[in-house]
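Open the model in your viewer and keep the selection tool at hand.

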Amino acid sequence: MITTSRLFRGLMAVVAAGLLAGCERPPIDTVQTGYRGTAMEQVYNPRLLAKEAALNAAPAALEPASNEGPRARDIYKNVQVLGDLSVGAFTRHMTSITQWVAPGEGCGYCHNLANLADDSKYTKVVARKMIQMTQAINSNWKTHVAETGVTCYTCHRGNNVPANVWYSPKDRNNANSLLGDTAGQNMGMKTVAYSSLPFDPFTPYLLGAQDIRVNGLEAMAQSGDKANRHSTKQAEHTFALMVHMSKSLGVNCTYCHNTRDIQSWERPQRTTSWYGIRMARELNNEHMVPLTATFPANRLGPKGDVAKVNCTTCHQGAYKPLYGAAMAKDHPELLSLAKPQAGLPAPLSEAMRSVLYFGVGASVLDTEQAKGLAQLIATMAATPTAKVAISGYHSASGDPAANQELAKARAMQVRDSLTAAGIAVDRVVLEKPMQAEANLAGEDPAARRVEAKIN
Ligand code: HEC
Ligand code: HEC
Ligand code: HEC
Ligand code: HEC
């Protein structure tokens with residue numbers, strides 16, 4: 001007995017020493033940020049800061065490229081966002097994003113190297129949206145990122161997938177059993193610095209828009225308008241978010257709050273954070289969630305949701321990402337939103353005829369184009385004897401044999417959409433057009449189409 005408990009105590013001592021070595025071992029520095037005696041100070045551990053310095057060093061920018069000469073949109077076939085750049089500036093951008101996101105894999109991480117215009121790799125489709133997301137951060141959220149801004153490197157740091165992303169956790173199965181619903185507490189998860197607080201403060205606040213306040217409007221009011229309606233559970237979720245924010249930035253609560261009066265907005269960092277919360281929420285709802293279907297299953301979370309952004313995705317332990325290094329100014333193409341460029345023509349939707357357009361190399365209809373079948377489907381449903389003929393076309397660029405296959409695959413995709421809408425398959429006839437190549441030269445978006453006609 002004695003030996004076991006001694007052994008146990010010995011073990012605990014070793015574990016404790018290990019834990020201490022991993023965290024706040026002295027000496028510690030403190031910097032006073034408020035009036036003396038008010039405990040408004042930041043605690044830093046110089047040893048941990050030194051370790052983090054390497055992670056937060058920004059890579060050098062490539063030589064600037066001349067913006068003279070022809071535009072990328074005129075030279076290349078499928079440039080939808082960065083078309084206004086010169087070919088030189090466009091190439092510099094491609095080289096930079098390769099270094100930031102796929103230094104090990106190179107251009108082939110996003111590209112089919114046999115045809116750089118092809119959009120068949122999901123990584124390229126995601127990257128195009130990421131360029132727009134980065135532009136949106138830098139132009140719409142100066143209230144948070146100021147002139148410092150962000151680049152792909154802020155989140156990716158040379159990794160395909162940023163080191164810090166979050167997914168919604170699996171549903172808890174114990175809610176109706178004796179174990180009860182723990183609301184994600186006592187799990188000891190990294191997201192809330194291994195505290196006992198609910199480990200997913202992100203779904204309610206960085207995806208949803210729940211109220212983050214916990215204080216009442218008046219001290220001790222128990223009833224009436226001023227009574228505090230926030231529950232203990234809400235307070236715990238708020239605290240979990242606060243622990244996440246402190247941990248992400250490597251700061252204490254006093255960095256943003258005067259702890260004499262938590263509700264006060266006297267610390268400018270609290271206001272910056274208020275915008276940061278709204279920015280993260282918008283990035284998740286408007287940029288990440290719409291990409292869900294683009295990602296392969298192995299990139300999705302336990303509930304099939306896409307990886308999302310929180311404070312750590314950019315900050316990674318620093319009060320400002322990369323200690324405030326202003327990388328974005330060296331990449332003017334990421335500073336403002338690109339002018340929208342002509343995408344696919346709008347689909348034609350008539351009672352007797354539909355025309356639907358496809359992206360370069362694509363044989364799958366996007367949601368907008370798929371809507372173009374509505375009126376034709378209505379006619380087919382109203383006239384049970386009618387048959388519909390479907391023909392696929394391709395543009396003049398690319399390999400002729402592959403293009404023939406593509407035109408056929410497009411026609412079959414439209415046939416499948418019709419049968420999925422309840423039209424019997426024997427009423428749908430695939431018809432090979434006399435001339436599937438629909439334009440004489442180059443990549444004409446109006447050429448990449450399928451026509452469906454009721455005869
Ligand atoms: C992280 C993903 C990614 C990597 C890595 C990448 N690219 Fe791209 N590339 C894209 C995206 C996205 C576009 C489309 C941009 C647009 O629509 O504005 C594109 C377009 C292009 C085009 C235009 C092709 C056409 O005809 O439409 C060329 C050329 C190109 N990239 C070259 C390169 C080279 C060379 C490399 C390696 C040094 C590279 N890319 C690495 C994402 C990537
Ligand atoms: C605010 C943070 C953030 C910024 C800035 C950002 N990304 Fe991402 N990126 C993400 C997140 C989150 C994901 C989803 C992770 C995943 O792939 O599951 C992602 C995924 C990707 C992927 C898919 C990788 C894979 O293997 O699944 C590519 C490619 C990519 N980003 C390219 C870029 C490029 C290029 C830029 C700059 C123009 C950029 N990103 C800027 C957060 C960011
Ligand atoms: C990086 C800045 C930052 C840090 C660090 C931070 N907070 Fe906050 N805190 C905020 C912001 C911003 C809000 C208001 C959020 C909103 O309204 O959207 C807030 C709200 C709160 C509230 C609710 C106040 C109310 O009006 O009801 C409490 C309580 C709180 N924080 C406690 C803490 C504690 C405890 C810590 C340390 C563990 C902490 N905060 C760390 C920025 C921060
Ligand atoms: C898209 C990347 C990104 C995300 C996500 C992000 N930040 Fe920031 N944050 C930045 C950048 C860039 C700066 C530097 C701005 C500057 O130089 O003033 C910054 C600055 C700050 C500052 C000011 C620091 C100071 O000392 O002035 C605070 C506080 C802050 N962020 C809190 C947060 C919180 C809290 C979250 C999560 C709710 C968050 N940030 C999410 C990019 C981000």
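Ala, Val, Leu, Ile, Met, Phe, Trp, Tyr, Cys and Pro count as nonpolar, Asp, Glu, Lys and Arg as charged, and the others, Gly among them, as polar. Keep in mind that this is a predicted model.

**Stop 1: ligand 1.** Select ligand 1 and the 24 residues around it; Tyr 76, Val 81, Cys 107, Cys 110 and Ala 117 come nearest. By class, this shell holds 14 nonpolar, 7 polar and 3 charged residues. Now select helix 4 (87-101) and helix 5 (122-140), each of which supplies at least two residues of the shell. Which helix has the largest share of the shell around ligand 1? Helix 4 does, with 5 residues.

**Stop 2: ligand 4.** Move to ligand 4, which is surrounded by 24 residues, the closest being Ala 146, Thr 148, Gly 276, Cys 311 and Cys 314. Two or more residues of this shell come from each of helix 6 (142-145), helix 9 (232-249), helix 10 (268-288) and helix 11 (311-315). Colour helix 10, which gives the most, with 6 residues. Sorted by class, the shell around ligand 4 has 13 nonpolar, 10 polar and 1 charged residues.

Stop 3: Show the open sheet of 5 strands, ordered 3-4-7-5-6 with mixed pairing. Strand 3 runs antiparallel to strand 4 (residues 353-357), with 2 bridges between them. Select Leu 348 to find its bridge partner in strand 4, Val 355. Finally, select helix 14 (residues 400-420), which packs on the sheet and touches strand 4, strand 5 (388-392), strand 6 and strand 7 (449-454). The direction of helix 14 makes about 150° with that of strand 5.

Note on methods. Residues numbered from 1 in each chain as written. Chains lettered and ligands numbered in written order. Predicted model: local features only at pLDDT ≥ 70, side-chain atom pairs only at ≥ 80, totals over all residues. Near = placed C-beta within 6 Å. Helix = DSSP H or I, 4+ residues; strand = E, 2+ residues; numbered from the N terminus. Pairing = 2+ DSSP bridges. Contact = placed C-beta atoms within 7 Å. Axes fitted to C-alpha atoms, helices over the stretch in contact; angles between N-to-C directions.
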